[in-house]
Amino acid sequence: MTALIVARSKNNVIGKNGRIPWRIKGELKQFRELTTGRVVVMGRRSYEEIGHPLPNRINVVVSNTKKYSGDDLYTVGSLREALELFPAEDIFIGGGSRLFEEALSIVDVMYITEVDTVVDDGDVFFPEFDADAFNMTVGETAGEEIRYTRTVYTRKNLSRCAWCNLSNPLYVDYHDNEWCVPNFDERYLYEMLILESFQAGLSWECVLNKREAFRRAYDDFDIDKVVTYGESKTEQLMSDKSIIRNRRKIEASIKNSRIFKDIAQEFGSFGTYLQTFTKGETVYETGRTTSSLSDAISIDLRRRGMSFVGSTIIYSYLQAIGVIYSHDETCFKHRDGK
Ligand SMILES: NC(=O)c1ccc[n+]([C@@H]2O[C@H](COP(=O)([O-])OP(=O)(O)OC[C@H]3O[C@@H](n4cnc5c(N)ncnc54)[C@H](OP(=O)(O)O)[C@@H]3O)[C@@H](O)[C@H]2O)c1
């Protein structure tokens, strides 16, 4: 996958006097989260502004006047050379303007943060582009002093995993932006484990379509509330037509929540518990529904008393939270991990 990542002002400014004209914590965090473990390509001036290689990333500087080299640091003469150097990796083009200009015709995805400010006397701009060539999704709006909104532009007609139902925007968004993206936030780990357990015998698309309803029904997956659910709440859930009304699954979801909480207490967090199996590594494999990793976690969770956590469900869970990376070879998100 080739992506570009940029933050631009309302009047399209991305730089002023050799610097980014704002400092927004949430924006830096998103940049770090999206690019960690990936290749970041940047122009010489952008690199000089940072002043050092970005940690935990492969840094590629485009320059014909200077030569930077070192651990995870390369210099190339053009964008094409950068892409050829790492053909199997996810590449993030991080600016400045000429690289963005060149990248517009080839990127699969653009992560554009719209910064809610007008910058006077900006001297570097994000180029105009044909928005009709992309599908755009609007993400969160945040920020204290300066507000910003995340947007993701995905090129139309991209090849995706065969299972992805292109006529369901919710599913396409899940495929493009969530599935296989590492996310070890405790609340997310919990929500996904419960949702996956409802999948047994059904499709993930069916569960995903009901995700908002599940969030409403399960107190927004506030685990401290769910562990207190008793018989009357179970009956309430059984009569809620917007979710999957299967008594065994509903009862299991409450029991599993209590066990999830016990595990989190025992290990410090559920994420730490999972890492005792995964050792913090990402597994790259396609075309499977179980593995020795999902077997081991499934056996342990069942030993602890959970239900609806068979190896297939756990495999699917591990894909959802980004431990197993499985985008098809023909998908624009494919990576072989080499
Ligand atoms: N808001 C944002 O998201 C964002 C992101 C990145 C940068 N910025 C800002 O943008 C400004 C820097 O951008 P910039 O456009 O002025 O400079 P830049 O692209 O970072 O660096 C320009 C230099 O990089 C090399 N270069 C860039 N594109 C090239 C290409 N396609 N082929 C060959 N060489 C290429 C050339 O180096 P040589 O002269 O050495 O050959 C060129 O002089 C700064 O103000 C920075 O803070 C903002």
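Modeller: Helices here are DSSP runs (H or I) of at least four residues, numbered from the N terminus. The model is predicted.

Colleague: In which loop does C180 lie?

Modeller: C180 has phi near 75 degrees, a positive value in a residue other than glycine. Most residues other than glycine have a negative phi. The helices on either side of its loop are α5 (169-177) and α6 (186-199). C180 therefore lies in a loop between two DSSP helices, namely the one between α5 and α6.

Colleague: Is C180 buried or exposed?

Modeller: Count the other C-beta atoms within 10 Å of C180: there are 21. The cut-off for burial is 20 or more. So C180 is buried.

Colleague: How are α11 and α12 oriented to each other, roughly parallel or roughly perpendicular?

Modeller: The axes of α11 (residues 247-267) and α12 (residues 270-278) come within 7 Å. They cross at roughly 75 degrees. Angles of 65 to 115 degrees count as roughly perpendicular, so α11 and α12 are roughly perpendicular.

Colleague: Which residues of α12 make the contact with α11?

Modeller: On the α11 side stand F260, I263, A264 and F267. The contact residues divide into six nonpolar, one polar and no charged. From α12 come F270, T272 and Y273.

Colleague: Which peptide bond is cis?

Modeller: Most peptide bonds are trans. Here one has omega near 5 degrees. One of its residues, G96, is in the loop between β6 (91-93) and α4 (97-103). The cis bond runs from G95 to G96.

Colleague: How many residues surround the ligand?

Modeller: The closest are G15, G43, S46, G95 and G96. Elements giving two or more residues include β1 (2-8), β3 (39-43) and α2 (44-50). The shell divides into nine nonpolar, 12 polar and seven charged. The total is 28.

Colleague: Which residue in the turn between β9 and β10 has a positive phi?

Modeller: β9 (residues 134-142) and β10 (residues 148-155) pair in the antiparallel sense over seven bridges. F134 stands opposite R155 in β10. The two strands form a hairpin with five residues between them. In the turn, the residue with a phi of about 105 degrees is G143.

Key:
Residues numbered from 1 in each chain as written. Predicted model: local features only at pLDDT ≥ 70, side-chain atom pairs only at ≥ 80, totals over all residues. Axes fitted to C-alpha atoms, helices over the stretch in contact; angles between N-to-C directions. Parallel < 35°, antiparallel > 145°, perpendicular 65-115°, else oblique. Contact = placed C-beta atoms within 7 Å. Nonpolar A, V, L, I, M, F, W, Y, C, P; charged D, E, K, R; others polar. Buried ≥ 20, exposed ≤ 12 C-beta atoms within 10 Å, placed from the backbone. Near = placed C-beta within 6 Å. Pairing = 2+ DSSP bridges.
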